[in-house]
Amino acid sequence: MQDYLNDCILSALESLGGVPADFTLEFQQPANPDHGDLACNVAMKLEKHFRKAPRQIAEEIRDALEAQPLDPDRISEVQVAGPGFMNFRFSDKYLLSALADILEAGEKFGHSGTGEGKRALVEFVSANPTGPLTVGHGRNAVLGDTIANLLQWTGYEVEREYYFNDAGRQMRVLGESVRARYMAQVDPTLGTKEIGEDGELSTVPESFPEDGYLGEYIDEIATRLLKEKGPDLSTEGDADVFKKAAEGSIFKEIEATLERMGIQMNSFFNERTLYDSNRVWDIVEQFKELDLAYEKDGATWLKTTAFGKEQDTVLVKSSGEPTYRLPDIGYHADKLERGFDLVVDVFGADHIATFPDVVEGVRALGFDADRIEVVIYQFVTLIRGGRPVKMSTRKATFVTLDELMDEVGEDVTRYFFLMRSPNTHLEFDLDLAKEASDKNPVFYLQYAHARIRSILRKAIEVGFSHEGDADLSLLQHEAELNLIKELMRLPESIERAAAHKEPHRLSTYLREIAVAFTQFYGKCRIIGEEENLARARMKLALAAGQVLKNGLSVLGISAPEKM
RNA sequence: GCGCUUGUAGCUCAGUCGGAUAGAGCGUUGGAUUCCGGUUCCAAAGGCCGGGGGUUCGAAUCCUCCCAAGCGCGCCA
């Protein structure tokens, strides 16, 4: 439709003396229904070009359009309004054909082709296997997975990847934590000590690292290890055996948690690969050749000042161990080398200042870093009884993602992470999440879908059917036409959410669908109406159910038949 | 101190590429209902869009300064 109007207006403008070469038309959906279905601000934009009042320009364009004239099967009315807007109203016929399109597309409705032929890699979660996924990881996981879904619906071929590092200091500490617990289980007479800050002291085995992991899961891993391998594991030297055991066990748990949320990764990328292939060291050499790296105090520094930072940063420590920046640059270079047109990273707010170094580093190596898009999300606060729930990873008082799902369910968990813009702080109200009423937005959407399905079942019981053709032109009620207008926006809504990497835009839209449907439901009946009208309305209800279901499936949320 | 993010109704938040009278849910108040699912619907009240300045036909939106909150600022990741 927009393309059609675009062409019409451009040719009308041609007859009025042409437009600047780089001029493009802008359309928008007016907030106020009195302003039609599509508005164009062309006249205001061209005020200077024509040196005329916008209203006058708009009127001239309208006259030229009416002389052509516009296809009455698409546009029923053109209006000049306000400071010079041109408002177009869709004809009923156009709306009905749009409805027919929705029904025909069925579960495919909402797909579009903007990403056709392109490949995208979405990297998310990427938590090192040091413990169970927490609520914070949950927001990351759900955002990443949903962004991947959105991209798929716009035609991209998408891969989901999890990046991890099992060789760093964190993992060493993890292994030592397990070993200490193991040793204490083998010989309970071993001494203990207290670690932590004042008021938050924990009693741990003597050999427990100062910054060790305090979670109960560590003890459980030690117990299992003792049971399976016996008490004679070597506790001397590095804690490799314990680290491996912990890693395997924790990864298994992480994958189970992800699966429970409906998330399936395509690949797990181990940071070690970048060392095995010597990649990271090659990059250091390249940076040196580019005069972007130098040696100082025994370390290798990256000239981040060249990227606009205040200070240079260390790339390789004097110990010879790289900082995370180096493998991260290598990893992103690797992603781009794999030929992806779009590389999406999902990061928590704590990365906000550091990812630009990585992007600029990759760019300096000659890659097209514009293909990298970083989604930063702010932290999550759980609210219970109107108060924030205290969480600390160190003290192991965090709430795990599994616990959250146990409490409120998988659908609610996903929806709550998706209902707000990623870059605002999220308040996750547990009491609201558990409530099965209209106060709970997920419930409202699912309920709307269940009710549609119920109405259709009931209508079939009384002898109606939505099979075969129906005379859609019987749909003339304002609530019916309005519902169709909302329904046909699904593809655009998905595209927009995908383009901005903001799934909440789709959540917001689906809520509008549910509202438009309940308005229709309140004003138009099916059972008890004349059969042809009932059939037409069943078609409309079917389409509304389809749109809700498709939209929910993009969000990874179920659309129940009954509740 | 520096960087990034945020500041919109009592609360939680939407607000498209800069568009017309700034929206929704909750809460509050008042209504409706011979109900295809009352787990519903309708309506009202409620706003200096953090504050000042600027850009322009037009600003919640862009620029600038100030104020406030969050996150970060390590040879941690």
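Arg325 and Asp357 form a salt bridge, with the closest N and O atoms 2.4 Å apart. The pair links distant parts of the chain: Arg325 sits in helix α12 and Asp357 in helix α13 (residues 355-364), 32 residues apart. Arg325 counts as buried at 12% relative accessibility. Asp357 is buried too, with a relative accessible area of 3%. The model is predicted.

A second pair joins Arg537 to Glu480, the closest N and O atoms being 2.5 Å apart.

## Other salt bridges

The whole structure holds 41 salt bridges. One of them pairs Glu60 with Lys52, at 3.1 Å between the closest N and O atoms. Glu60 is partly exposed, at 23% relative accessible area. Lys52 is also partly exposed, at 30%. A network of salt bridges links Arg260, Asp402, Asp406 and Glu410.

## A three-stranded sheet

Strands β10, β11 and β12 form an open antiparallel sheet, in the order β10-β11-β12. β10 (293-296) and β12 (313-316) are the edge strands; each has a single partner, so one side of each lacks a neighbour in the sheet. From one strand to the next, the twist averages 45°.

Three bridges join β11 (residues 299-302) to β12. Leu302 has Thr313 in β12 as its bridge partner. Helix α12 (residues 325-337) packs on the sheet and touches β11 and β12. Its direction makes about 75° with that of β12.

## Domains

Chain A is assigned domain 1 (2-90), domain 2 (96-112 + 437-555), domain 3 (169-260) and domain 4 (271-377). The C-alpha centres of domain 1 and domain 4 are 49 Å apart.

Technical notes: Residues are numbered from 1 along each chain as its sequence is written. Chains are lettered from A and ligands numbered from 1 in the order in which they are written. This is a predicted model: local features need pLDDT of at least 70, side-chain atom pairs count only at pLDDT 80 or more; totals for chains, interfaces and linings use all residues. Side-chain values use heavy atoms; hydrogens and water are left out. Two strands pair if DSSP finds at least two bridges between them. Helices (H or I, at least four residues) and strands (E, at least two) are DSSP runs, numbered from the N terminus. Axes are lines fitted to C-alpha atoms, for helices over the stretch in contact, and angles run from 0 to 180 degrees between N-to-C directions. Contact means heavy atoms within 4.5 Å. Domain bounds come from an automatic or database domain assignment. A salt bridge is a side-chain nitrogen of Lys or Arg within 4 Å of a carboxyl oxygen of Asp or Glu. Buried means under 20% relative accessible area, exposed over 50%, partly exposed in between (1.4 Å probe, protein chains only).
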